[in-house]
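Me: I want to learn how to read domains, sheets and contacts in a model. Take me through them one at a time.

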Amino acid sequence: MEKPKAIADRETCLACGGCISVCPQDAITMQSSKASVDRDGCISCAICIKICPVGAIKWEGCQ
Amino acid sequence: MKYDVVVVGSGPAGSITARFAAKSGAKVLIIERRQVVGEPVLCGEGISKKVDDFKVLEGKRWIANNMDGARIFSPDGTVVKLTAELAGSETGYVVYRNIFDQELAREAIKAGVKLMLNTCAVDLIRDKGKIKGVKAKQFGDEFDIEADIVVGADGVESRVGKWAGINTTLKPHDLETCVQYTLTNIECDSGYCDFYIGKNYSPGGYVWVFPKGKDVANVGIGVLGSLSESGKAHELLDRFINAHPELKKGEPIRFLAGAVPVGEPIEATRDNLLLVGDAARQVDPITGGGLMASIEAGKAAGETIGKAVKEQRFDKGFLSSYEKKLEPELYRKLKRNYVVKEILLGFEDKTLNMLADSLKDYKFDEISTFSLVKALVKKHPSLLIKLKPLMKVSRM
């Protein structure tokens with residue numbers, strides 16, 4: 001089974017850039033002033049999920 | 001489009017670097033991905049009055065509040081006061097960061113710098129491996145900006161450094177993840193910037209209350225990345241406000257999130273490229289303050305770039321003289337404070353209470369993290385063993 005992937009919620013993201021600075025795969029970029037996770041680059045390490053101050057990054061499929 | 005220097009990012013580090021490079025005769029362009037310089041604000045907005053010594057800002061429009069000092073609240077509520085009672089002691093300002101940044105950009109423009117808004121750097125231009133400028137995007141159009149030197153002043157999430165092969169990835173342990181409300185209709189006329197420490201307030205960070213006026217303050221929190229969980233900073237800040245009636249009755253006029261690098265400065269130069277400010281991790285790891293470091297480093301970077309353009313020397317060897325210039329003072333201080341940060345992170349709340357109690361009547365010679373550390377060493381020689389590596393760094 002494929003590991004879960006991180007996904008950023010554009011509605012919640014406040015564009016602080018923290019997730020981009022810690023992503024070990026350089027898989028997160030700012031797209032139109034909101035964080036966006038590149039699905040293929042994500043290695044499911046969860047670092048971005050843990051450090052998001054407002055909980056804008058979650059596992060895909062988890063609401 | 002051909003410039004001597006293209007600067008990515010119009011924050012304080014970018015504007016100051018650009019300005020000092022332009023003053024030395026370089027042709028400089030700043031590109032800024034946002035549509036307004038300085039907004040949205042991503043900052044607690046506190047700065048030391050030492051900023052005045054640099055004479056980089058005119059007027060006072062950027063100052064929101066003139067502070068008398070700082071108070072540190074330990075987990076059990078013991079207060080350590082750092083005040084301006086002693087002659088010559090410098091305190092701090094709470095600033096309007098958007099105006100602060102716009103004033104610095106304006107000064108850069110006065111020095112001849114060009115500024116393009118809504119313009120995002122998407123990659124470096126290379127010719128046979130050599131950096132030749134940046135690929136930029138504005139309103140959907142992609143174009144090349146050629147330059148002999150690329151400056152990455154692109155903040156905590158710096159991409160410019162990564163493109164040049166500099167490892168800018170932060171360990172969660174070296175990141176403070178932050179949120180902040182600007183609360184109005186509260187009572188905060190103490191004249192102090194307040195810091196609340198201890199793991200109940202914030203694991204590996206602190207809560208701050210920085211008054212911007214008599215009834216308005218920035219109330220924020222930083223949590224160490226390695227001790228954070230999803231949404232934790234926001235949750236803990238709400239808990240803090242709910243527990244403080246004088247803040248709870250307020251209403252927010254602004255909410256923001258931020259990320260602060262609290263590691264050590266990283267290698268900041270390559271052939272034809274340098275990093276400055278948060279991108280180069282030029283931030284005080286104890287307080288998370290980066291404004292003063294950005295100004296100091298930006299000035300050094302700009303002056304070095306000015307010389308580089310005059311002599312047409314763009315190699316790493318030449319550009320890294322900017323870092324060497326920072327080594328004896330700024331970098332020494334930041335590295336020392338990183339050691340102190342590590343020591344402080346190891347302290348339990350009861351140790352923090354004990355330390356606060358021993359300093360509650362202490363007269364500090366200045367308002368700085370250094371004077372606080374000096375006082376700790378003086379009061380607790382037994383802690384000297386733990387602080388020994390720090391002393392080694394400070395003698396360097």
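Me: Which domains is chain B divided into?

Reply: Domain bounds come from an automatic or database domain assignment. Here chain B has domain 1 (2-62 + 94-170 + 266-334) and domain 2 (172-261). Their C-alpha centres lie 28 Å apart. This is a predicted model: local features need pLDDT of at least 70, side-chain atom pairs count only at pLDDT 80 or more, and totals for chains, interfaces and linings use all residues. Residues are numbered from 1 along each chain as its sequence is written, while chains are lettered from A and ligands numbered from 1 in the order in which they are written.

Me: How many residues does each domain of chain B give to the contact?

Reply: Two residues are in contact if their C-beta atoms, placed from the backbone, lie within 7 Å. Domain 1 of chain B gives 14 residues and domain 2 of chain B gives 17. The domain 1 side has eight nonpolar, three polar and three charged residues. Ala, Val, Leu, Ile, Met, Phe, Trp, Tyr, Cys and Pro count as nonpolar; Asp, Glu, Lys and Arg as charged; the others, Gly among them, as polar.

Me: In what order do the strands of the open sheet in chain B run?

Reply: Start with the terms. Strands (E, at least two residues) and helices (H or I, at least four) are DSSP runs, numbered from the N terminus. Two strands pair if DSSP finds at least two bridges between them. In chain B, seven strands give the order β6-β5-β13-β14-β15-β12-β16, with mixed pairing. β6 (79-83) and β16 (251-261) of chain B are the edges; each has a single partner strand, so one side of each has no neighbour in the sheet. The twist averages 15 degrees from one strand to the next.

Me: How many bridges join β12(B) to β16(B)?

Reply: There are 10, and the two strands run antiparallel. β12(B) spans residues 175-184. C178(B) sits opposite G258(B) of β16(B).

Me: Which strands does helix α4(B) touch?

Reply: Axes are lines fitted to C-alpha atoms, for helices over the stretch in contact; angles run from 0 to 180 degrees between N-to-C directions. α4 (residues 232-242) of chain B touches β12, β14 (206-211) and β15 (216-224) of chain B, at about 135 degrees to β15(B).

Me: Where does chain B meet chain A, and which element gives the most?

Reply: The contact takes 24 residues from chain B and 17 from chain A. β12, α4 and β16 of chain B each give two or more residues. β16(B) gives the most, with five.
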